[in-house]
Every structure is written in structure tokens, then in C-alpha cells.
Amino acid sequence: MNGYAEGVLTTTHVQSRRLAAVQAPVIPIVGRWIAETPGSISLGQGVVSYGPPSAAVEAAQRFGSALGDHRYGPVQGLPTLVEAIEEKLDRENRIAVRPRSRVLVTAGGNQAFMNAVLAVTDPGDEIILPAPYYFNHEMAIVMAGASVIAAPTTPEYQLDLEALAAAVTPRTRAIVTVSPNNPTGAVYPEAALRAVNALCRERGIFHVHDEAYEYFIYGGSRHFSPGSLPDAAGHTISLYSLSKAYGMASWRIGYMVIPVSLSDAVNKVQDTLLICPPAVSQQAAIAALRVGRSHADAHLARLDATRRLIFDALHAASVPCDVPAVEGAFYYLVRAHSGLDSMTLTERLIREHRVAAIPGSAFADPAPCSIRISYGALDSDSIAEGVGRLVEGLRALA
């Protein structure tokens with residue numbers, strides 16, 4: 001608040017009300033609890049246990065010999081990388097980028113989402129997120145001055161198409177879907193994504209679809225990209241990341257496919273926030289894409305075995321929780337039969353049982369008590385020990 005006191009201008013130094021409304025990042029809170037509890041095993045943060053392809057590391061090591069390596073690059077990303085992404089999208093996702101769409105390389109998937117939100121919303125607009133949802137998506141929307149409208153999902157964490165349609169108002173600018181899903185691990189079937197995309201087209205809003213976990217699918221599920229639909233280009237924004245599939249989380253490389261009509265708006269956002277993606281990371285990304293999805297595929301059998309091990313352990317009759325069967329990403333969102341709230345359960349699991357998860361409340365899970373567990377980052381022995389501690393803790397804290 002600004003005002004005058006005895007003729008002197010005074011200012012109260014407070015943060016923006018818009019930022020004050022943004023939820024605090026939960027990962028650092030859980031990280032502090034882990035640091036205070038030596039010997040904890042983390043089933044928390046969503047990362048993989050492997051690193052980038054050796055070709056990507058070698059490309060980064062070669063970087064820097066030319067003067068141009070140290071100068072600003074194109075806002076949209078290096079042409080060689082953009083071309084490689086367009087070829088990948090055509091080959092794997094059946095998305096023909098040109099002439100109706102454009103690719104933009106970003107500093108990770110989160111920045112791609114922020115670009116999209118700033119490009120399509122004005123303050124007071126609404127974006128629909130099926131709940132539970134990825135907390136950074138909510139944070140980006142609130143930072144932009146827009147509002148999140150949570151639409152419920154089914155008990156199996158699948159899309160509720162009637163709920164999504166009912167959530168659309170004159171202020172709605174987009175519906176966001178994430179498949180395979182963070183935090184639930186659910187994979188949305190093609191028919192459901194087609195229906196959401198058609199709803200967005202009919203209502204004159206955007207369909208933002210996040211495919212960061214596109215390679216992490218097991219069992220009988222299949223991945224589908226709604227941006228491949230013949231009438232989707234004008235209203236579909238598709239988001240991707242190299243963080244998970246290529247073990248490149250710290251390199252901060254993602255990309256987005258946007259309608260041509262949004263090119264000017266997205267370029268303004270990117271030029272202001274980033275200018276251009278880091279050139280060294282882009283060179284590594286070019287090499288990674290040349291290796292291709294085989295880098296992630298080599299780890300899927302191990303992840304699938306871990307997925308099934310966790311599901312079986314949590315489905316034992318003596319474990320007080322519900323775990324819907326899901327076939328994507330490397331997450332389970334576990335509904336605990338406990339009188340504790342999600343944050344309290346999470347803290348006590350760490351401090352008393354030395355196993356970490358992420359509270360479901362951070363993802364706007366309507367369940368009274370839930371936790372997200374991630375099984376992507378640990379070896380088999382650590383996973384077995386961690387799941388054993390989790391089962392013990394759930395039994396003790398029920």
C-alpha cells in the first residue's frame with residue numbers, strides 16, 4: 001500500500017497479490033524434510049534413473065569452439081533442431097507441422113506451458129484443468145492472472161467428458177490434458193482425446209495437450225497425439241520435453257507445436273523471458289533426437305516390472321489404500337485410508353518411516369488423504385526397500 005505520512009511518501013514493501021495467490025512449490029518443502037531425516041528413500045520427484053545418450057554429452061563437449069556458439073540464437077530455436085523436431089513429430093506423432101503450425105524450442109516443458117498460457121489468456125480468463133492436475137500448471141495460470149477451473153475425473157483418473165463440457169464458460173480460453181498423466185499415471189484413450197479436441201473446436205477455445213511422458217506407456221495402452229487430427233491445427237497446442245525420455249532434466253529443453261495464429265504472441269513471450277533456448281543444450285538435443293526413442297525404450301521393461309511390483313505390494317489386503325490401475329508415466333496417486341491430511345501424512349512418512357512421497361493436495365486431489373509416488377529414479381533394491389517402508393508407514397498411520 002502506498003500513502004503519505006506527514007507529507008512524505010511511504011511504501012509498504014510487499015509481494016504482488018497475484019504471486020501471493022500462487023501455491024508454494026511443494027518439492028522444496030519435501031526436500032527439506034528429507035534433508036532433516038538421514039537415510040530417507042525418496043519416491044517423490046519425477047525423474048528417471050538414467051542420463052542422456054552419450055552422443056548428447058559428446059555434442060555438448062564439442063560446443064564452444066566457434067564464436068557464434070556464444071551469441072544469441074533464433075527465438076524459435078536452432079533451425080537444425082527445429083527440423084529434427086518436425087521430422088520426429090511427423091514420424092512418431094503423425095503431426096504435420098507446416099503449413100498450419102509452427103515449432104518453438106523452449107527451456108523445458110514448464111516454459112512451453114507458460115508461453116501458451118500467456119499467449120492465449122487475459123487477466124480474469126479461465127483455463128480448465130482435469131483434477132488431480134500438475135501443480136506447476138496451476139501456478140503458471142495464476143501467475144498470468146487467469147483462473148483455474150478444476151474439472152473432476154473418474155475414480156480411475158480418466159477424463160469425465162461431461163464434466164469438462166459443463167466447466168466451459170464465456171471466460172474459458174483452454175482445456176488442458178496431460179497423457180500419460182502427471183500425477184496419476186493414467187493414459188487417456190484416443191476416443192477421449194478426440195472428444196476433448198472436438199469440444200474445444202466447437203466452443204472456440206484451445207486444447208493444450210502435454211505429452212512429456214509419451215514414451216512411458218505399458219500394458220495395453222497406446223499413446224495418441226490430438227494434434228494429429230486433420231482439423232486440429234488451428235486450436236491445438238502440443239507440449240513436449242526431453243527431460244524424462246532422454247534423462248535431460250537439467251538441460252532444460254522442451255518444445256511446443258502452436259497454431260500459426262499464435263506465432264507472434266508466443267514469440268513475444270519467449271523473446272522477453274528467454275530470448276533463446278541455451279545453445280549448448282540445443283546441440284545436445286539435436287544429438288539426442290538422432291538417437292531417438294530407443295534411448296527411453298531400453299528402460300521400459302525395468303520400469304514396467306517396478307510398476308507391477310508396487311501395484312501388487314499396495315494391493316495387499318492389509319495395506320489401507322486404494323491404487324487405481326494405470327499404465328503410464330512412472331507415477332501412482334495413492335488414496336490412503338487415513339484420518340490425516342495429505343501434508344501431515346507425507347511429513348510423518350518421512351520423519352517416522354524414512355520414505356518420501358508428494359502430498360496429493362499439491363495436485364488438487366479431492367481425496368481427503370493421498371500421496372503421489374514416483375518409481376522412475378531408483379534401482380530395484382532401493383525401490384523394494386522404499387515400497388516396504390511405504391507399506392509399513394501406511395499401515396501404521398491408517
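Two strands count as paired if DSSP finds at least two bridges between them. With that in hand, welcome to this predicted model. Seven strands form an open sheet here, in the order β4-β10-β9-β8-β7-β5-β6, with mixed pairing. Four strands form another open sheet, where the pairing is antiparallel.

**The seven-stranded sheet**

- β4 and β6 (147–152) are the edge strands, each with a single partner strand, so one side of each has no neighbour in the sheet.
- Ignoring direction, neighbouring strands of this sheet are turned by 20° against each other on average.
- Antiparallel pairing joins β4 to strand β10 (residues 254–259) over six bridges, and Val-103 has Val-257 as its bridge partner in β10.
- Strand β4 (residues 101–106) has five of its six residues buried, so the rest of the structure largely encloses it.

**Helices across this sheet**

- Helix α4 (residues 79–93) lies across β4, β9 (236–241) and β10, and runs at about 120° to β4.
- Helix α5 (residues 109–120) lies across β4, β5, β7, β8 (206–210), β9 and β10, and runs at about 160° to β9.

**The four-stranded sheet**

- The strand order is β11-β12-β15-β14.
- β11 (321–322) and β14 are the edge strands, each pairing on one side only.
- β14 meets strand β15 (residues 370–374) in the antiparallel sense over two bridges, with Arg-372 in β15 as the bridge partner of Ile-358.

**Helix α2, a helix with a buried side**

- Val-26, Val-30 and Trp-33 are buried in helix α2 (residues 26–35).
- Viewed down the axis of α2, the buried residues fall within an arc of 55°, so they line one face of the helix.
- Residues three or four places apart in an α-helix point the same way, because there are 3.6 residues a turn.
- Pro-28 and Ala-35 are exposed, on the face of α2 turned away from its buried side.
- The cover over the buried residues of α2 includes α6 (135–143), α12 (342–353), β13 (355–356) and β14 (358–359).

**Nonpolar cores**

- The largest nonpolar core has 83 residues, and Leu-89, Ile-175, Phe-216, Leu-314, Ile-373 and Leu-390 have the most contacts inside it.
- Helix α13 (residues 380–397) supplies the largest share of this core, with six residues.
- A second, separate core has 27 residues, among them Ile-127, Tyr-133, Ala-144 and Met-256.
- Leaving aside residues up to four places away in sequence, Phe-216 touches residues including Val-48, Tyr-50, Pro-180, Leu-300 and Phe-330.

Conventions. Residues numbered from 1 in each chain as written. Predicted model: local features only at pLDDT ≥ 70, side-chain atom pairs only at ≥ 80, totals over all residues. Heavy atoms only, no water. Buried < 20%, exposed > 50% of the residue type's maximum accessible area, 1.4 Å probe, protein only. Arc of directions from axis to C-beta. Contact = heavy atoms within 4.5 Å. Core = buried A, V, L, I, M, F, W, Y, C linked by side-chain atoms within 4.5 Å. Axes fitted to C-alpha atoms, helices over the stretch in contact; angles between N-to-C directions.
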